[in-house]
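Look over the sequence and the model before reading on.

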Amino acid sequence: MEIEIKEQLNKGFAIVTENGEKAGVMTYSIPQGDFIIIDHTEVDPNYKGKGVGKKLLYAIVEKMRAANLKILPLCPFANAMFKKLDDIKDVLKK
């Protein structure tokens with residue numbers, strides 16, 4: 001699986017593909033300030049249960065760590081992952 005992150009103006013997204021097929025996407029908004037807002041996660045039904053959402057989240061977390069930005073997870077999936085996974089709480093906006 002390949003993950004690519006793209007940003008344009010005040011929006012960004014991470015997309016995961018496998019063999020040229022889109023497996024999932026996670027979108028975020030970039031407001032002014034020191035954080036981003038993850039607002040949506042979508043995984044193709046053929047890839048459910050294969051960790052696609054988690055891979056997308058970890059890719060965005062790594063990018064934000066490098067940029068010294070926090071994450072506000074408004075997306076229900078991302079919010080649940082932040083509650084469950086201790087190794088990403090360092091980038092959680094409180």
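## Salt bridges and a buried serine

Glu-4 counts as partly exposed, at 41% relative accessibility (partly exposed lies between buried, under 20% relative accessible area, and exposed, over 50%; 1.4 Å probe, protein chains only). This is a predicted model: local features need pLDDT of at least 70, side-chain atom pairs count only at pLDDT 80 or more, and totals for chains, interfaces and linings use all residues. Residues are numbered from 1 along each chain as its sequence is written, and side-chain values use heavy atoms, with hydrogens and water left out.

The whole structure holds four salt bridges (a side-chain nitrogen of Lys or Arg within 4 Å of a carboxyl oxygen of Asp or Glu). The table lists some of them.

| Pair | Closest N to O |
|---|---|
| Asp-86 and Lys-89 | 3.1 Å |
| Arg-65 and Asp-90 | 2.7 Å |

Arg-65 sits in helix H1 (residues 52-67) and Asp-90 in the segment after helix H2 (76-84), so this pair ties together parts 25 residues apart in sequence. Helices are DSSP runs (H or I, at least four residues) and strands likewise (E, at least two), numbered from the N terminus. Salt bridges link Glu-62, Arg-65 and Asp-90 in a network. Asp-86 is exposed, at 62%. Lys-89 is partly exposed, at 30%.

Ser-29 belongs to strand E3 (residues 21-29). Ser-29 is buried, at 16% relative accessible area. Which residues does Ser-29 touch, not counting those up to four places away in sequence? They are Asn-10, Lys-11, Ile-36, Ile-37 and Asp-39 (contact means heavy atoms within 4.5 Å).
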